[in-house]
Amino acid sequence: MGEIIAVASQKGGVGKTTTAINLSASLAILEKRVLLIDMDPQGSVAASFQLNESQIKYGMYQVFTNNLPLIEAFTDIGLEYLDIVPANVKNEAEEMEMFRQAMDFTHLKQVLEPFKKVYDFIFIDCPPSLGSLTINAITAADSLLVPVQPEYYSLKALGKFIRSIKNISKKYNSGLEFKGFLITMYDKRIKKSKEIARELRYSFKKIVFDTVIPRNSKVSESPSVGKPVALFDITSPGAIGYLQLAEELLNSGTNHR
Ligand SMILES: Nc1ncnc2c1ncn2[C@@H]1O[C@H](COP(=O)(O)OP(=O)(O)OP(=O)(O)O)[C@@H](O)[C@H]1O
Ligand SMILES: [Mg+2]
């Protein structure tokens, strides 16, 4: 059975989408079958693959509001091992409607259940909030991956975030595993980053991935050509970081085929 991993954080701009895309792509390069679901109405997954409106027929919006079978919302990105489902939320009214339909917190879980047999991994990119869409993701997920930028405010916010996640999972998904914090956009030239990364490891011990994703311009440039960083510049530190993360995940000894 495949593993469903929600990539979540209440904080915006910490690298959730970048991680969801590049970790998915790196696992796909390693010939794991991966499905990537965009639960964020901002629709950054589709944007990162440079998909325009004419290329997206359906997305999670139709899955939630019209009960469209998930498979009909699969959108081709030309990669053999990676399938994606975009958000496809076009305006605020649709966003409100999707949030409303997501008040059934088990909706996504039910939708994804049959696909666990088909994929090695299903990643869910979450919006930067703990609203109904993220709760759907947490309810559906086997585990949670939380990107963290090593900044001053991060540590305090993380403690609070973990407490909220524990409360949510107690109610809706008691089996949720905390896969770990992922240090992203790490700049070793900044002394403070080093200190905060060290503190994070000290405070949260084993639930911090060994792999650290460096701040790297190739990572931020790759969406502009519609590619994951590994297909843009495989030798870049960002691509190497995400491939290493994929290996770490595969070696972490869970139930992958
Ligand atoms: N390792 C990295 N090196 C350089 N830039 C990065 C890296 N990771 C992410 N970025 C950039 O940081 C910005 C925020 O990243 P991203 O969109 O993945 O965050 P997010 O948590 O999904 O944001 P949101 O909360 O809005 O959904 C983007 O411009 C992205 O290109
Ligand atoms: Mg995002």
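Which handedness does the β-α-β unit of strand 6, helix 8 and strand 7 have? I looked at this predicted model and found the unit to be right-handed. Right-handed here means that, with the strands pointing away from the viewer, the path from the first strand over the helix to the second runs clockwise.

Conventions. The model is predicted, so I note that local features need pLDDT of at least 70 and side-chain atom pairs pLDDT 80 or more, while totals for chains, interfaces and linings use all residues. Residues are numbered from 1 along each chain as written, chains are lettered from A and ligands numbered from 1 in written order, and side-chain values use heavy atoms, without hydrogens and water.

Strands. I read strand 6 as residues 177–186 and strand 7 as residues 208–214; the two run parallel, joined by three bridges. Strands are DSSP runs of E, at least two residues, and helices are runs of H or I, at least four. Pairing takes at least two DSSP bridges. Tyr186 is opposite Pro214 of strand 7.

Ligand 1. I then listed its surroundings: 17 residues, with Pro214 among the closest, as are Lys16, Thr17, Thr18 and Asn216. The cut-off is a heavy atom within 4 Å. For polar contacts I took N or O pairs within 3.5 Å. A polar side-chain atom of Lys16 is 2.8 Å from a ligand 1 oxygen atom, and a backbone N or O atom of Gly15 is 3.0 Å from an oxygen atom of ligand 1. On Asn216, a polar backbone atom lies 2.9 Å from a nitrogen atom of ligand 1.

Notes
Polar contact = N/O pair within 3.5 Å; in protein donor to acceptor, adjacent residues only side chain to side chain.
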